[in-house]
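Below is a short briefing on selected strands, a loop residue and a helix. Please read it alongside the sequence and the model.

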2 protein chains.
Amino acid sequence: MATVSFLLPFITAVLLLTPSSSLTSQPSDAFPSNTPMRFLGKHYTESNLSANNTRYLINTEHWVGPSRFGPIFLYCGNEDDIELFAVNTGFVWDIAPHFGAMILFPEHRYYGESMPFGSRGEAYRNATTLSYLTAEQALADFALLITDLKKNLSAEGCPVVLFGGSYGGMLAAWMRLKYPHIAVGALASSAPILQFEDIVPPETFYNIVSNSFKRESSSCFDTIKKSWNALTSEVQKEDGLRQLSKTFRFCRELKSVQDLTDWLDSAYSYLAMVNYPYPANFIMPLPAHPVKEVCRKIDGSPPDSSILERIFNGVSVFYNYTGGVDCFQLDDDPHGIDGWDWQACTEIVMPMGSDRNTSMFPAYDWDYSAFREGCKRDFQVTPRPRWITTEFGGHGIEHALKFFGSNIIFSNGLLDPWSGGSVLKNISETIVALVTEEGAHHIDLRASTMEDPDWLVEQRATEVKLIQGWLDNYMKNMKAAFNI
Amino acid sequence: MATVSFLLPFITAVLLLTPSSSLTSQPSDAFPSNTPMRFLGKHYTESNLSANNTRYLINTEHWVGPSRFGPIFLYCGNEDDIELFAVNTGFVWDIAPHFGAMILFPEHRYYGESMPFGSRGEAYRNATTLSYLTAEQALADFALLITDLKKNLSAEGCPVVLFGGSYGGMLAAWMRLKYPHIAVGALASSAPILQFEDIVPPETFYNIVSNSFKRESSSCFDTIKKSWNALTSEVQKEDGLRQLSKTFRFCRELKSVQDLTDWLDSAYSYLAMVNYPYPANFIMPLPAHPVKEVCRKIDGSPPDSSILERIFNGVSVFYNYTGGVDCFQLDDDPHGIDGWDWQACTEIVMPMGSDRNTSMFPAYDWDYSAFREGCKRDFQVTPRPRWITTEFGGHGIEHALKFFGSNIIFSNGLLDPWSGGSVLKNISETIVALVTEEGAHHIDLRASTMEDPDWLVEQRATEVKLIQGWLDNYMKNMKAAFNI
């Protein structure tokens, strides 16, 4: 079973953002907008990026500055180009003016343009050069950046609030845990910090994906569940792979049925993640309620359609919603080194399995040994499956955090397959879980739209209120400490 | 000015302890004592130490085991052989029976026998092999050890209490901050976590040393303060170094007056640190109130004694209390790589200066540039003077910890020169400062003796009460969580 990444890597950011600067440069006070958009124009300077630097996007348009303790909203960049996250985290941009906040999007090292050793080629050369690609190093990068930046701006007194979605949400929660002196609180959206070892069953993720389809239509669920055997039968026929390639309109003939299985697996998984109630273009341009749409196509195919024809009609919603694709390309270089795969093979070891009864995917028991051998083969590295819980906690984390820690929001939508590995219950008065029945993968972090359902509007209002509480408390304590 | 290490490195542990095992070995349930002493006999097995392992000493004699949630008392090993700390941390051994606690003394990597790369020679080869000698790595080692050990002993439910003195105390406090899921609380004794950057004045340390002498006798203080010029005059005379070597009875002729200055500086600094109210043998065999003794010798020398003769009589209390030394050896290999010097040149950068008015030492303004150049010369490394406060906090740490963190005792004696860089005020109800007027360097961690003054007995009783409170709370929560 393929490792499920949080994000597909083949996205091109379409909106452009405020400039990034190298870690050592002095940011200017404000970057005036030269477009009528909420997002600022492109002031990006390539030459500022020298070896080992973390790129970051900064916006000070609404920042009220150090004298008024203007807060700094920091999104913890995750496993892709930081511009992608800046564009898809409209919530931070929406609320920054209200708070008079600076916006900061630092990029995670080894992604986007933040390459140690001077280039992607050098950084990804081998297990030695990749060994600095870890969550802890990313957190340390953020800590260094914010400390330096605050010093440069004489903004040491300004409170920092962390944001993050998915792996970025994990980083936000972990950063609040590990660097409470740097950030006053964290909104960790769809952050599966418990998807490790035996804390939640390995089947959790695919069960939730499956349930997302089943709740739309049990016949849709059944069709998908049956389709894997249909694939196996088909490929065993003479000329099977060629026929399958034709049925699914691949530009080139499939090399194995596994490639097709992975392609379908990805589609269903991402569909469940981005099952938003309005049209969106996060991973792919998709209609509102895309899982419902896929099932409408599967169920609504002409009565004489075969299972595989139905499947093809369904996943075309994901891979070809705009209708512009003539034939589908599989990833051309499946053996190219991907940063997330490296992280999954070292510390972010998330057991994944598929239950033979409750899942619509092929049954699969999590097999750590096989996983480990794959990592040795691909990266010449042995995973450390227990490291994350040792470093950040996991087992019984609610007991640890109840008496140590504060100011974290774990927000989750139950449609999101990652919600099963996240924190879904309040831990204390200040470490709270916001759970929405109809939410998908960090939908709360997206920009507000006219189509937002009430529950989403309310969820964001609660988040704003909690963040306001953290900042009010911080100000109260600052004033008390300095007799302001 | 010489870097002041927390401990002189030329100590031989005289008492022997419970066996160490390698990280991966399964410790046996109990190690029966084969001596009548409180410390257990030597069961140490060299062959268990393979490359990259952390040595640890373990004692389960009084441990009530997993079924009764027997606590685990973990001393965070610092910059020397762990046996030295085990021998000099009698408090943990004294109280373990009362708590039914296991005792664990893991060794800090790169010290004692815990050498990565297989040997000390390999580990200390160059800046690359030394790059894993950091506080963060030591904390991670402790976290891995305790997690593995608990798993092996099915003791996951057993609470861990951290102890540490000096740098070990810093590690204990930092570990509680960074790994609250692993330890329920920390007793950080004489832990100067604020001795960084500009948080306390660089002159703090030497001012406290100087005050320790001044409070015994102002003429003693004056004699020492005058002695540096006397040295300078002496060395400028013909044959000056040879005469000085003779006056101070060095076995070999001094190579520079700086060597003598450092030798004296060390003596005064360590005397202030171990200024205990009873005879002890921590750094050197010393009488009770050793600073008072030194000043008695300086002031009480024959009336016609020169300043330098008085100084020699004084420091002989430190270097030759037992009278067994015929002549003094200076460190034979001052350019050998010392682990603590490496740490001081990378992340543990503690600014040190000497005030021309309040200090009895030669005036010296902290000069970071000169320090940095020394590090480049000695280790080919550039220090990161702001890293520790970025990683662990420092500036305004009381505000950060007031609302995030719990269960830390910062204990300090005001005679201890390191107390000036520690936490001397309560931060919250559960992050408390225990300050004693007459205490020296982590005296509370030493074994109880018949000569203990009342304030020390009371201090330790308070510590026991606070630790009991952490454990009671932990048990209460465990019972509530599991409906025991």
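Two strands pair if DSSP finds at least two bridges between them. Helices (H or I, at least four residues) and strands (E, at least two) are DSSP runs, numbered from the N terminus. This is a predicted model, in which local features need pLDDT of at least 70, side-chain atom pairs count only at pLDDT 80 or more, and totals for chains, interfaces and linings use all residues. Residues are numbered from 1 along each chain as its sequence is written, chains are lettered from A and ligands numbered from 1 in the order in which they are written, and side-chain values use heavy atoms, with hydrogens and water left out.

**Strand β3 of chain B**
- β3(B), residues 72-75, runs parallel to β4(B), residues 102-106, with 3 bridges joining them; B:Met102 is the bridge partner of B:Ile72.
- With β5(B), residues 160-165, β3(B) pairs in the parallel sense over 4 bridges, and B:Phe163 is the bridge partner of B:Tyr75.
- B:Ile72 and B:Leu74 point one way, B:Phe73 and B:Tyr75 the other, and all are buried (under 20% relative accessible area; exposed is over 50%, partly exposed in between; 1.4 Å probe, protein chains only).
- In a regular strand, side chains alternate between the two faces of the sheet.

**A:Arg55**
- A:Arg55 is in the loop between β1 (20-21) and β2 (56-59) of chain A.
- A:Arg55 counts as buried because its relative accessibility is 0%.
- Its side chain makes polar contacts with the side chains of A:Asp81 (2.9 Å) and A:Glu83 (3.1 Å).
- A polar contact is a pair of N or O atoms within 3.5 Å; within protein, one must be able to donate a hydrogen and the other to accept it, and residues adjacent in sequence count only if both atoms are side-chain atoms.

**Helix α2 of chain A**
- A:Gly100, with a positive phi near 60 degrees, follows α2(A).
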